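Have the sequence and the structure open as you read.

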Amino acid sequence: SGTLNLHITVHDTNDNNPQFTNSTYYTTVPENLAPGRTIARVHARDRDSGLYGQVLYSFSPRTDSTYGHLFGIKNTTGEIFVKGEIDYERNHVYHLVVTAHDRGPDSLPADATLIVNVRDINDNAPEITVNTLTATGTDSAELAEDAESGTFVAHITVKDPDSGRNGQFDCSLSNEHFQLQKLYSNEYKIATRGAFDREARSEYTISVTCQDDGAEPQVSIKRLRVIITDFNDNAPVFTKPR
């Protein structure tokens, strides 16, 4: 009898596809995150060797066309970073589909989803809109000098697109001749308080101040010019009695 040692070398073929460690990844980012900051990293493994086991990452065509201006991905590391300006008020959650494929021929790609939740920050000040219901426009109103106390002057609408306490606000008016009355959660009216005398003063400037309840509050001020129109409340007076 005789013996012979036979050495068999098995050559690798591209018979394994990349597999992500998770099918879904989650991350939360503030809406003011600077471009270039990494927000997540995905990882896929391919058991093949050489080029067959080297994994490259990219966004799916739909994700790239929809969100490619906001997010980018490093094709060799799977790091996902911010490219553009993220705004909670425009979109507070993003679903990004990441594709992994190896560098061998006939590679079958694998997909995973990254869900990006955007955290709101107090980056919006209250928006104040004034309607005087007169032909003078939104910056001025006319009021007869014989107007009674409580007479309507202007309608105020306030909105803050931030969420939670960042979007809640309080408004005030500091003028002894006028008062701010709350109608609804975001609507007010300016009314008179007391009497007017055009001959003594013919014009007032009202400042409406609104401040939100955020940790770093945002403040808006809207000014309204009120013109006192004349009423025939004075009789002629001779300069001399004789």
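The sections below cover the disulfide, the salt bridges and a charged surface patch.

## About the model

Please keep in mind as you read that this is a predicted model.

## The disulfide

Searching the whole structure turns up 1 disulfide. Its partners are Cys171 and Cys210, with sulfur atoms 2.1 Å apart. Cys171 belongs to strand 13 (residues 169–173) and Cys210 to strand 16 (residues 203–212), so the bond ties together parts that are 39 residues apart in sequence. The torsion about the S-S bond is about 110°, so this disulfide is right-handed.

Are the two cysteines buried or exposed? Cys171 counts as buried because its relative accessibility is 16%, under the 20% cut-off. Cys210 is buried as well, with a relative accessible area of 0%.

## Salt bridges between strands

Side chains of opposite charge can pair when their charged atoms come close. Across the whole structure, the search finds 6 salt bridges. One of them joins Lys159 and Glu127, at 4.0 Å from N to O. This pair links distant parts of the chain, with Lys159 in strand 12 and Glu127 in strand 10 (residues 127–131), 32 residues apart. Lys159 counts as exposed, at 53% relative accessibility, while Glu127 is partly exposed at 38%.

Arg225 and Glu203 form another salt bridge, their closest N and O atoms being 2.9 Å apart. Arg225 sits in strand 17 (residues 219–229) and Glu203 in strand 16, so the contact ties together parts that are 22 residues apart in sequence. Both are partly exposed: Arg225 has a relative accessible area of 37%, and Glu203 has a relative accessibility of 34%.

## Other salt bridges

Asp87 pairs with Arg90 in a salt bridge whose closest N and O atoms are 3.6 Å apart.

Elsewhere, Arg198, Glu199 and Asp230 are linked in a network of salt bridges.

## A negative patch on the surface

Which residues gather in a patch of negative charge on the surface? They are Asp146, Glu148, Asp197 and Asp233. Asp146 is found in the loop between strand 11 (140–144) and strand 12 (152–159). With a relative accessible area of 41%, Asp146 is partly exposed. Strand 12, at one end of that loop, is also the strand that holds Lys159.

Note on methods: Residues are numbered from 1 along each chain as its sequence is written. This is a predicted model: local features need pLDDT of at least 70, side-chain atom pairs count only at pLDDT 80 or more; totals for chains, interfaces and linings use all residues. Side-chain values use heavy atoms; hydrogens and water are left out. Patches are made of residues with over 30% relative accessible area and no salt bridge: like charges are joined within 9 Å, nonpolar side chains (Val, Leu, Ile, Met, Phe, Trp, Tyr) within 5 Å. Accessible areas come from the Shrake-Rupley method with a 1.4 Å probe; for residues, only the protein chains shown count as cover. A salt bridge is a side-chain nitrogen of Lys or Arg within 4 Å of a carboxyl oxygen of Asp or Glu. Lys and Arg count as positive and Asp and Glu as negative; His and the chain ends are not counted. The place of a charge is taken as NZ of Lys, CZ of Arg, CG of Asp or CD of Glu. Helices (H or I, at least four residues) and strands (E, at least two) are DSSP runs, numbered from the N terminus. Buried means under 20% relative accessible area, exposed over 50%, partly exposed in between (1.4 Å probe, protein chains only). A disulfide is a pair of cysteine sulfur atoms within 2.5 Å.
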